[in-house]
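This report describes nonpolar cores, aromatic ring pairs and strand pairing. The sequence and structure are shown first.

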Amino acid sequence: MNFKLPLLLLFFISTFASAQQTMSVKGSAPCPATQEYTFICEKYAYSGEISVQIAKTEKGGILKLTISTASDKAKIAGGVYVDLTNADVIACTDKNVKESADGKTTAYYYFTPAEWLKLKKTDIYAIRFIIAGGPDISGNLTGHFTAYSKVKYFSTAFDKTKKTFDTAKEISVL
């Protein structure tokens, strides 16, 4: 009887410790997802960063990109390229699954099972995307941008810690 309390306590701790993010697209059932990464986009003058999240589906995965915009007309448009650290590139086509709210625009892209396997083995190095908008939007807020997987923007040459996100490790756990 003395083992029930510690076993019950261990069960509750393990349940909360393995709590995981989820993602749902336009009211679909929630899928297990990674944390939201903040990739650095130096050339994007409005915010300089983009939020990246990846979820696992039955048929592969989903890439969610969210960025702050200066205008409601600005959207992430066209294809997206996911550059991996081993120099592989995953090209994602635009399925026109988008949302906009609170000064932010979100676009969703889908991974095939073969692409999902690549993501499980190799970290993401960068994501290349396009922001399109109307003619009244400033030129440095639209165009082609690259967001890099960097944990910190600034570091010294003596800092030997890993400076990128462990995306492959988190994706393989999903």
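Is Y44 buried or exposed? With a relative accessible area of 2%, Y44 is buried; buried means under 20% relative accessible area, exposed over 50% and partly exposed in between (1.4 Å probe, protein chains only).

The model is predicted: local features need pLDDT of at least 70 and side-chain atom pairs count only at pLDDT 80 or more, while totals for chains, interfaces and linings use all residues. Residues are numbered from 1 along each chain as its sequence is written, and side-chain values use heavy atoms, with hydrogens and water left out.

**Aromatic pairs**

Six aromatic pairs are found in a search of the whole structure. Rings of Phe, Tyr and Trp (its six-membered ring) pair if their centres lie within 6.5 Å; planes under 30 degrees apart count as stacked, over 60 as edge-to-face and the rest as tilted. Two of the pairs are listed here.

| Pair | Centre to centre | Angle between planes | Class |
|---|---|---|---|
| Y37 and F165 | 5.0 Å | 50° | tilted |
| Y44 and F145 | 5.2 Å | 80° | edge-to-face |

Y37 belongs to strand β3 (residues 37–40) and F165 to the loop between β11 (143–148) and α3 (167–173), so their pair ties together parts that are 128 residues apart in sequence. Helices (H or I, at least four residues) and strands (E, at least two) are DSSP runs, numbered from the N terminus. Y37 is buried at 1% relative accessibility, and F165 is buried with a relative accessible area of 15%. Ring pairs also link Y37, F39 and F165 into a cluster.

Y44 lies in the loop between β3 and β4 (49–57), and F145 in strand β11, so this pair ties together parts that are 101 residues apart in sequence. F145 counts as buried at 6% relative accessibility.

**Nonpolar cores**

A nonpolar core is a set of buried Ala, Val, Leu, Ile, Met, Phe, Trp, Tyr and Cys residues joined through side-chain atoms within 4.5 Å. The largest has 32 residues, and L63, V82 and F129 have the most contacts inside it. Leaving aside residues up to four places away in sequence, F129 touches residues including I67, H144 and F145, where contact means heavy atoms within 4.5 Å. A second, separate core of eight residues includes V25, A33, I62 and V97.

**Strand β5**

In strand β5 (residues 60–68), eight of the nine residues are buried. β4 and β5 pair in the antiparallel sense over seven bridges, pairing requiring at least two DSSP bridges between two strands. A hairpin of two residues joins β4 to β5, and T57 stands opposite G60 in β5. Strand β9 (residues 104–111) runs antiparallel to β5, joined by eight bridges; in β9, T105 is the bridge partner of I67.
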